[in-house]
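Please work through the following exercises with the sequence and the structure at hand. Each task is followed by a solution in steps.

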Amino acid sequence: MEFDTIAAISTPLGEGAIAIVRLSGTEAISIANKVFRSPNGKNLAEQPSHTIHYGHLVDPKTNDVVEEVMISLMKGPKTFTREDVVEINCHGGLVTVNRVLQLILINGARLAEPGEFTKRAFLNGRIDLSQAEAVMDLIRAKTDKAMNVALGQMDGRLSRLIKTLRQALLETLAQVEVNIDYPEYDDVEEMTLPMMIEKGTWVKEEIEKLLITSSQGKILREGLSTAIVGRPNVGKSSLLNSLIQENKAIVTEIAGTTRDIIEEYVNVRGVPLKLVDTAGIRETEDIVERIGVEKSRQVLKEADLILLVLNNAEHLSDEDKRIFETIKGMDYIVIINKTDLPNKLNYDEVKQLAGDKRVVTTSLLKEEGIDELEESISSLFFEGNIEVSDITYVSNARHIALLNLAKSTITDAIEAAHNHVPVDMIQIDVTRTWEILGEIIGDTVEESLIDQLFAQFCLGK
Ligand code: GDP
Ligand code: ZN
């Protein structure tokens, strides 16, 4: 396929030390050559692939020097897009980078649409759709584990599994064809139905396994929304501060949102926590008191995890019990704080109220017990210490929707087979499942969907 040459800034905008303007397309090298001057008069077009060149960018009309640069030259097809790619490394800073980009655009490149580099990689057959989406997740990945998931998906783990499932379905369909074409050799139903049930059940189970990991996938990508609750003065702010201090805050504010809820991201042993409504907790001390039990339950319901703080130095109060009541049925961890002070709290009573929930003790003042708390948080969501590298996570909403759909069509097929529906009817459901799974890796996607997907990508990727 042949496309025009596109260009974009491929590093985050802002005050980075260096920035990269990337070009891709048949004219990439000649456009760069037009504006590049090396100290010894190198012609970029004559340089070998995958080399780096020092020099200056000049405006060919005025011969004014625009910027001092390093240019990486990469000839297709051994590039991300499979086209000729030029990366211009220049000094960071909005003004400089924009000047470089402008110069490139004036000299023949077109500004890339969001995600267009990745789209080309897809259209040129370099990556499949789920890999393309993984690139998008990678851009957004907030923690190491989320990064591993995206990377795993990019090198095709999900694609390989989906291909295996489709292969199994295809074999089933082929078998059915054979039996329908040569009915005289066998009783078609006797041959095919048990096999359909067996293969279909296997496919269904594999899909279910993938779906189980999907909620973790969502958490990995978006952060586990976490609310800290408790009576005034028990140590909520202290807990919040210690979580933020101990763990590198990843994002402090979501740019461009006008919501009044402040979200703070921290990374607790690879589990990204999105501490929600912390401003509210900080200001009014008690979210349950402030907005009433019903409303606060509504707010808390949206949390994936609740950290309930109690005071070791006081008896369990009615208010504590009310909070227990409020968060019943949700995922929570009880934190008994202020263990440095003389004990008054009845632990047995707490354990009874907490049931099977974890209870940890801390002295936030003396910085004790924080390790145990972090351990409980991470083990709660990686039960049995699942190693991310061992498992294929599904972290993409579109994949999850398609997997659910595939699960329901294959379930229909299995049920029909049990009910001895004619095989050519069952075939329709199996074919549909095969198609739906294909959509995950982009084998049966329509053009409009592709456009939609790539439009979501960050510019320059
Ligand atoms: P909040 O009202 O629940 O947010 O509680 P704060 O975090 O503001 O803490 C209330 C008071 O308890 C502050 O004076 C803290 O320094 C103190 N505090 C917090 N954690 C501990 C602890 O583990 N031991 C002791 N002795 N005091 C603590
Ligand atoms: Zn406070």
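The model is predicted: local features need pLDDT of at least 70, side-chain atom pairs count only at pLDDT 80 or more, and totals for chains, interfaces and linings use all residues. Residues are numbered from 1 along each chain as its sequence is written, and chains are lettered from A and ligands numbered from 1 in the order in which they are written.

**Exercise 1.** Determine the order of the strands in the open sheet.

Solution. Step 1: strands are DSSP runs of E with at least two residues, and helices are runs of H or I with at least four, numbered from the N terminus. Two strands pair if DSSP finds at least two bridges between them.

Step 1: the seven strands run in the order S3-S4-S5-S6-S2-S1-S7, with mixed pairing. S3 (36–37) and S7 (110–111) are the edges; each has a single partner strand, so one side of each lacks a neighbour in the sheet.

Step 2: S2 (residues 18–24) and S6 (residues 85–91) are antiparallel and share seven bridges. Within this pair, Leu23 is opposite Val86 of S6.

**Exercise 2.** Locate Ser237 and describe the shell around ligand 1.

Solution. Step 1: Ser237 belongs to helix H8 (residues 236–246). An unreviewed UniProt entry gives the feature "binding site" at Ser237 and Thr258; such annotations may be inferred rather than shown by experiment.

Step 1: the shell holds 16 residues, of which Gly235, Lys236, Ser237, Ser238 and Leu365 come nearest; a residue is near if its C-beta atom, placed from the backbone, lies within 6 Å of the molecule.

Step 2: H8 contributes the most, three residues.
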